[in-house]
Amino acid sequence: MKFPVRTYLEKGKTYYFCTCGNSADGVLCDGSHKGTDYEPKEFIATRQAEMHLCLCKKSTCTPYCDGAHAKREQLDLDFLLD
Ligand code: FES
């Protein structure tokens, strides 16, 4: 399971969320997507805070984690309950 990464964000600062998964930290673009079809997602931090950024790339509100990594794990186990 790919857990979210706690990242300190500065309010009003522009960041680039990694969508390819190849960046060194997995959440902020470092240019490693070059040569792929992926492009980073630009976002501006609305709060000065440590936030959980999505690493599994399944969140519906990227760059922020919405718990999708845990939901996937839950779904994977559902067949055991049948
Ligand atoms: S390194 Fe992943 S989108 Fe840039």
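Me: In what order do the elements of the chain run from the N terminus on?
Reply: The order is β-β-β-β-α, with helices (H or I, at least four residues) and strands (E, at least two) taken as DSSP runs and numbered from the N terminus. This is a predicted model, in which local features need pLDDT of at least 70, side-chain atom pairs count only at pLDDT 80 or more, and totals for chains, interfaces and linings use all residues. Residues are numbered from 1 along each chain as its sequence is written.

Me: How many of the residues count as buried?
Reply: Of 82 residues, 12% are buried. A residue is buried if 20 or more other C-beta atoms lie within 10 Å of its own, exposed if 12 or fewer, and partly exposed in between, with C-beta atoms placed from the backbone.

Me: Which residues make up the largest nonpolar core?
Reply: That core has 7 residues: Cys18, Val27, Cys29, Leu53, Cys54, Cys56 and Cys65. A nonpolar core is a set of buried Ala, Val, Leu, Ile, Met, Phe, Trp, Tyr and Cys residues joined through C-beta atoms within 7 Å.

Me: Moving on, where is Gln48 found?
Reply: Gln48 lies in the loop between β3 (41–44) and β4.

Me: Is Gln48 exposed or buried, and why?
Reply: Gln48 is exposed because it has 11 C-beta neighbours inside 10 Å.

Me: What does Gln48 touch, leaving out residues up to four places away in sequence?
Reply: Gln48 touches Glu10 and Lys11; contact requires C-beta atoms, placed from the backbone, within 7 Å. The C-alpha atoms of Gln48 and Leu9 are 5.7 Å apart, although 39 residues separate them along the chain.

Key:
Two residues are in contact if their C-beta atoms, placed from the backbone, lie within 7 Å.
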